[in-house]
Amino acid sequence: MNRNLIHFLAVLSGSLVLSSCGNKNQQGQQRPGAGGPIPVAIAPVSEEIVRGINNFPGTVVALNQTELRAEVNGYITAILVPDGATVTKGQKLYEIDRTRYQAAQEQAKANLAIAEANLNKVNRDVERYKRLAEQDAIAKQTLDYAMTDLNNAQAQVTSAKAALTSATTDLERSVIRAPFSGTIGISQVRAGALVSAGTTLINTISSTNPIAVDFAVNERDIKQFVDLQNSGAASLKDSVITLQLSGNNTYEKPGRITAIDRAVDPSTGTITVRASFENPDNVLRAGMNANVLVATTSTEKMPVIPYKAVIEQLGEFTVYVVTDSSTVVQKPVKLGLKIADKVVINQGLSGGQQIVVEGTQNLQPGAKVVDQSKMEGQAPQGQGQGSSKK
């Protein structure tokens, strides 16, 4: 009995040892990185002349916009255009009570007429006194007084003309006209409202055709946009600058660079660029958000990699680079233009470097890797021996 029990225990313990070794072998096969290089897809960094489209967030702005404020005091007696109407330069928009301004103008006209009549009288007197003085028929002092009266009369006429000009200007300003062609906003006052000169905001008018879009570009791209500005006109056939509206709708009219701001913002390293667009149907409105799409071609070859090779974490981008010893290091990169499933690398990589494009989720810096494409067609040793026996 004791011998049989000892023999049974020995067999059982041996089975447990073999089973444990088998589990370890299976675990080793299931974790290829634990005992050998990790199979990944490796590809070289290519260098290409890049042709693509840069996307810049922008805001639609009016090329000309101004606030309409009263220049004289009074009550609004007429609103001559509806809210949001398209207006032309010089068109009447509002009318302020003109009664007292008309009266002031009439009074100024009357004062000018009196001054001119007095001037004519004094002028005739002077002419008569001059003839008498030549004959020594009057005292010289009398002529001097007459000349003084003439100068006073001339000054009174000048003053009366200035008063008439002021009164006429006030009368004209009691009618508010459009300073340029464009679109008027929603009125801030209604008929009967009292407005004060220089303070009361009545409305806002802005030009609509053409209209502009302002957007910020990096300072390194300034030369590109200076060249675009100097190239001049936009072409419908081969437009370099287009506009993408909300809903990914492309605006049908091409744009052209019309202005570049005077200085770079040192806090952001960007400069404001303005593109103008024809807007005959008033589709573009000031304040809209839009994306400015600028077709671009690089002047020299740039590093290009598959976008799936890029790892993003907390706004930072990295790529696994394969070293000569078949290990990987994680290198930070700065992304450029995205083209289909590829992306330009502005900084961090150079042409010819080997990078991991698939299998990055299994990697850690320093891990040893093998290109899985080189492993295809290579069967495990055990399977190879079995097939040769057949």
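This is a predicted model: local features need pLDDT of at least 70, side-chain atom pairs count only at pLDDT 80 or more; totals for chains, interfaces and linings use all residues.
Visitor: Which residues touch the most other members of the largest nonpolar core?

Guide: A nonpolar core joins buried Ala, Val, Leu, Ile, Met, Phe, Trp, Tyr and Cys residues through side-chain atoms within 4.5 Å. Here buried is under 20% relative accessible area, exposed is over 50%, and partly exposed is in between (1.4 Å probe, protein chains only). The largest core has 21 residues, and the ones touching the most other members are F215, F225 and L243. At least two residues each come from β3 (51-61), β12 (211-218), α5 (222-231), β13 (241-245), β16 (270-277) and β17 (289-297).

Visitor: What is F225 in contact with, leaving aside neighbours within four places in sequence?

Guide: Contact means heavy atoms within 4.5 Å. With those neighbours set aside, the partners of F225 are F56, F215, V217, I257, I260, V273 and V294.

Visitor: Is T242 buried or exposed?

Guide: T242 sits in strand β13, and beyond four places in sequence it contacts F277, N291, V292 and L293. Its relative accessibility is 19%, so T242 counts as buried.

Visitor: What is the volume of the largest pocket?

Guide: Rolling a probe the size of a water molecule over the atoms shows where empty space is left. On a 1 Å grid over the protein atoms alone, a pocket is an open set of points where a 1.4 Å probe fits, with protein on both sides within 12 Å along at least five of seven lines; lining residues have an atom within 4 Å of a point. Points are joined across faces, edges and corners, and the volume is the space filled by probe spheres set on them. For the largest pocket that comes to about 850 Å³.

Visitor: Which element gives the most to the lining of the largest pocket?

Guide: The lining has 28 residues, with N54, R220, D221, Q224 and T296 nearest the pocket's centre. Elements supplying at least two residues each include β12, α5 and β17. The top contributor, with five residues, is β3.

Visitor: Where is the cis peptide bond that involves P210?

Guide: Most residues other than glycine have a negative phi, and most peptide bonds are trans. P210 lies in the loop between β11 (201-206) and β12. With omega about 0°, the cis bond joins N209 and P210.

Visitor: What is the phi of N282 near?

Guide: N282 is in the loop between β16 and β17, and at 18% relative accessible area it is buried. T183 touches N282, along with residues including G84 and S206. The phi of N282 is positive in a residue other than glycine, near 60°.

Visitor: And L314: is it buried or exposed?

Guide: L314 lies in the loop between β19 (311-313) and β20 (316-322). Its phi is also positive, near 55°. With a relative accessible area of 83%, L314 is exposed.

Methods. Residues are numbered from 1 along each chain as its sequence is written. Side-chain values use heavy atoms; hydrogens and water are left out. Helices (H or I, at least four residues) and strands (E, at least two) are DSSP runs, numbered from the N terminus.
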